[in-house]
Amino acid sequence: MSAVPPRRLVIWCPDWPVVAAARAADLGLLVPAAVFAANRVVACSATARDSGVRRGMRRREAQGRCPELVVCEHDPARDARLFEPVVAAVEELVPGVEIVRPGLVAVPARGPARYFGSEEAVAERVVDQLDAQVGVECQIGIADGLFAAVLAARRGQLVEPGRSRDFLAPLLIEEIDQLADQLTEQRATDQAELVDLLRRLGIRTLGEFAALAPSDVATRFGRAALLAHRAASGREERPVQRRQPPPDLVVAEHLDPPVDQVDRAAFVGKVLADQLHARLGGLGLACTRLGISARTEHGEELHRVWRCAAPLTPAATADRVRWQLDGWLTGRSGPQRPSAGVSVLSLRPEEVVGAGGLQLDLLSAATGEADARAGRAFARVQGMLGPEAVLTGVLGGGRDLRDQVRFVPWGDERRPALLPDRPWPGRIPSPSPSVVPDSPWSAVVLDGEGRPVGVTDRHRLTAAPCRVEVSGGRSRPVSRWAGPWPVAERWWVELLAAGAGQTAPAAQVPPREVVRLQVVLEAEPGSDAADLEAGEVALLLVHEAARWWVQGAYR
């Protein structure tokens, strides 16, 4: 039986990305605001939630539900910079602060509880301290183990010693997502697939998952599931037998002349990050808790510990150096701006694990190295250009092509907004179009007399299509066509409003009614068969808002 994990006190600042964005833009507390990444809501304020805005919602739908919504772009550097005052305020009361992510910090609970008399007293002091010095709201959770403490903080609970497993047992299996959202880095395994699999197997709660034998979980689901199983069982997310970092792993750089600009300091941090991970790799180790220290020539020093369940990468290490120094050197937030430039910058691995934690399974060994190199390259591009610079496609559900694929930043949660495996009557059948424009092309459909073809109220074509003109180009004859296929979505909105004797609210997403048509255009004489503009091509046409549009092309 594993030892009981240490008591953790977790301070959680709800909706921190939107809180930081509101502070940076000087928005009022009651102004509805939301932070977006890849056109999806990352976080929103309480007033926005009251209007129906939810995490993961598309920007158009969110603004439809809340027209006065203030749109803010996702900026991890801003979140980390403005979170520094919170960390400094907590550090004045209790030592050993570990930054899990901006908006979430953890500290050992045993020492502060002895000093202040009880865990309840520590929680009260922390809440009062943050309210007085920083003016932010927070929730406190205390439990055995970090995962249980995070969930306790989200509920504002203090779990009695030895009762973390009982606290976790009745919680829904979806809470495993908190392990990915709160504790892992960009390259951590997506826990959403595990949650979906467990639900299909009939496992609904963390207690039911924890009741499985660890050996069965490891052999049937893999290492990522074993990590989640340890957390659901109330144990530490990693085994307690951890290696003590050798002292020669500390990397430091003496800067002459001292550096007082964030960009220059961040470049030095990137060099140190590469050196640190080269040394760790040579010893077969990986870093999971990193200490970053910066000292000026006048003796001023800023030290922070960053925690991550997944081993840090060089890019992630360099990002943390830049985040930590941004607020300090600019004086925009956090501790008082130093009176001199940084003369010494050092990185110390506070906790390491065996690199076996990065071991690939047999099925992915053939392509794992290529994936790892691509992931490192993507992370470097994101570090230079921002998280939205590298996007990956995620397949989802829906009836429209625009709903079936969405793009998310590399490393973000790849959970589809719409479930792809549910029935979608009226969806585009296979095969899918090989060419899908970012924005639909305008089109004109003509009959044999050269008159525009429209759609009647009963979703019938006014005439047989004979020619199609795309984006103002030359019309081409239609050799074959099929359809039309009408699709009506959200038609119940106006019916519900009429039944209540009201008009549909402006914030509600309006009904959508489209008619689809497939046509095959003849190839122009003498054209190359590979020429999409002149060769034979099949088009997916959509009639919406009294106009024809090309949503996709088949080759």
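Predicted model: local features only at pLDDT ≥ 70, side-chain atom pairs only at ≥ 80, totals over all residues.
Residues are numbered from 1 along each chain as its sequence is written, and side-chain values use heavy atoms, with hydrogens and water left out. Local features need pLDDT of at least 70 and side-chain atom pairs pLDDT 80 or more, while totals for chains, interfaces and linings use all residues.

The whole structure was searched for cavities (sets of points on a 1 Å grid over the protein atoms alone where a 1.4 Å probe fits but cannot get out). Two cavities of 30 Å³ or more were found. Lining residues have an atom within 4 Å of a point. For the largest cavity they are Ala80, Phe83, Glu84, Val87, Ile99, Pro102, Trp306, Trp323 and Gln324. By class, seven are nonpolar, one is polar and one is charged. Here Ala, Val, Leu, Ile, Met, Phe, Trp, Tyr, Cys and Pro count as nonpolar, Asp, Glu, Lys and Arg as charged, and the others, Gly among them, as polar.

Helices (H or I, at least four residues) and strands (E, at least two) are DSSP runs, numbered from the N terminus. Helix H4 (76–93) and helix H15 (314–330) each supply at least two residues of this lining. H4 gives the most, with four residues.

The axes of H4 and H15 come within 8 Å and cross at roughly 55°. H4 is therefore oblique to H15. Axes are lines fitted to C-alpha atoms, for helices over the stretch in contact, and angles run from 0 to 180 degrees between N-to-C directions. Angles under 35 degrees count as roughly parallel, over 145 as roughly antiparallel, 65 to 115 as roughly perpendicular and the rest as oblique. The crossing of H4 and H15 is right-handed (the near helix is turned clockwise from the far one by less than a right angle). In contact (heavy atoms within 4.5 Å), Pro76, Ala77, Ala80 and Arg81 of H4 meet Arg322, Trp323, Asp326, Gly327 and Thr330 of H15. This contact has four nonpolar, two polar and three charged residues.

A cis peptide bond joins aspartate 256 and proline 257, with omega about 5°. Proline 257 lies in strand E8 (residues 251–259). The bond from glycine 483 to proline 484 is cis, with omega near 0°. Proline 484 lies in strand E16 (residues 476–489). Aspartate 26, a residue other than glycine, has a positive phi near 55°. Aspartate 26 lies in the loop between helix H1 (16–24) and strand E2 (33–37).

How values were computed:
1 Å grid on protein atoms, 1.4 Å probe; cavity = no way out; pocket = protein on both sides within 12 Å on 5 of 7 lines; lining within 4 Å. Points joined across faces, edges and corners; volume = space filled by probe spheres on them.
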